[in-house]
Amino acid sequence: MARQPAGDYPDPPTPELVIIQNVGSTAIPADFDNTAARYRATWIPDGFDFKVPEASLEVTVDRGHAGLFTAIDPARLAAHSGLEQKHLLDNLEPLFARGARDPMLAAILRNLFDEMGRKDDPGTLFTEGALCLIAARLLRLASQTKSPRSRKNFSDKEKAILAETIDDLLDTDLSVETLALVVNRPVADFFRAFKSCFNETPHAFVLGRRIARARSMLAETDEPIASIAYACGFSSQQHMTNSFTAKLGTSPARYRKEFGP
């Protein structure tokens, strides 16, 4: 497990499959560049990205973070999956191209890390059992990524995770693709479920949260309006002024004059 600051993290090719897990409590914007794909993603708590065997990986992380790195011999993982190594990696390729989130896999890997920390060798039965569980979860996640189940609405837990993630990343350029990954939904299914549960589109909801944060900062701080605009995820002060005025019927400057400190 490692705590690292924001920055670029190049990693040369190695023979292992490396599972990179966000063990922090906040979502982290990051760029991932591996053999399977190059993509911009939000590294969410209990979220995973992967370093493919015999391939390099470069990660650019926008914020400080805590990561758990689990290196697994792909031949051993394949043996516990019932598949040949090439077939296993081919099946997991959808995960390599976008990452995944799975609290159950997160718990398995944390348990493995804790057990390895207590003992030099936790025992063959424990290790083999963990490999079987890891292989099963990875294949299930890859299958869901290729053919995700369509579910009408979010659970209460999913709604809470989405709201928390949006607030954590309000100062970034949020996308529907990022939010869909948080709850492991295809984009079209996510959009329908979001509108059904929150009674507005993702864009309208995020804009509302940005304006709410701007109101709070205008009333409670003496930060310059331009700084508040960027802290709330607007592209400029003018962008915030236009959105704020359209929503509330008054400009940020007038709002601060009436309600500010």
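Mentor: Let's start with a term: buried means under 20% relative accessible area, exposed over 50%, and partly exposed in between (1.4 Å probe, protein chains only). The model here is predicted, so local features need pLDDT of at least 70 and side-chain atom pairs pLDDT 80 or more, while totals for chains, interfaces and linings use all residues. Residues are numbered from 1 along each chain as its sequence is written, and side-chain values use heavy atoms, leaving out hydrogens and water.

Trainee: Thanks! Is Phe-194 buried or exposed?

Mentor: Look at the relative accessibility of Phe-194, which is 0%. With that value, Phe-194 counts as buried.

Trainee: How many aromatic pairs does the structure hold?

Mentor: Rings of Phe, Tyr and Trp (its six-membered ring) pair if their centres lie within 6.5 Å; planes under 30 degrees apart are stacked, over 60 edge-to-face and the rest tilted. By that rule, the number of aromatic pairs in the structure is nine.

Trainee: What kind of pair do Phe-194 and Phe-205 make?

Mentor: Their ring centres are 5.6 Å apart. The planes meet at 80°, so the pair is edge-to-face.

Trainee: Which helices does the pair of Phe-194 and Phe-205 tie together?

Mentor: Helices are DSSP runs (H or I, at least four residues), numbered from the N terminus. Phe-205 is itself buried, at a relative accessible area of 13%. The pair ties together parts 11 residues apart in sequence, because Phe-194 lies in residues 187-198 and Phe-205 in residues 202-220, that is, in helices H7 and H8.

Trainee: Which residue lies over the face of Phe-198?

Mentor: Phe-198 forms one aromatic cluster with Phe-154, Phe-190, Phe-194 and Phe-205. A charge sits over a ring if NZ of Lys or CZ of Arg is within 6 Å of the ring centre and within 35 degrees of the ring normal. At 5.7 Å from the ring centre of Phe-198, the residue is Lys-159.

Trainee: How far apart are the end C-alpha atoms of helix H3?

Mentor: Helix H3 (residues 103-118) has buried residues, including Leu-105, Ile-108 and Leu-112. The expected span is 1.5 Å times one less than the number of residues. For the 16 residues of H3 that should be 22 Å, which agrees with the end C-alpha distance of 23 Å.

Trainee: How many disulfides does the structure hold?

Mentor: Cys-132 is partly exposed at 36% relative accessibility, whereas Cys-232 is buried at 0%. A disulfide is a pair of cysteine sulfur atoms within 2.5 Å. The number in this structure is zero.

Terms used. Helix = DSSP H or I, 4+ residues; strand = E, 2+ residues; numbered from the N terminus.
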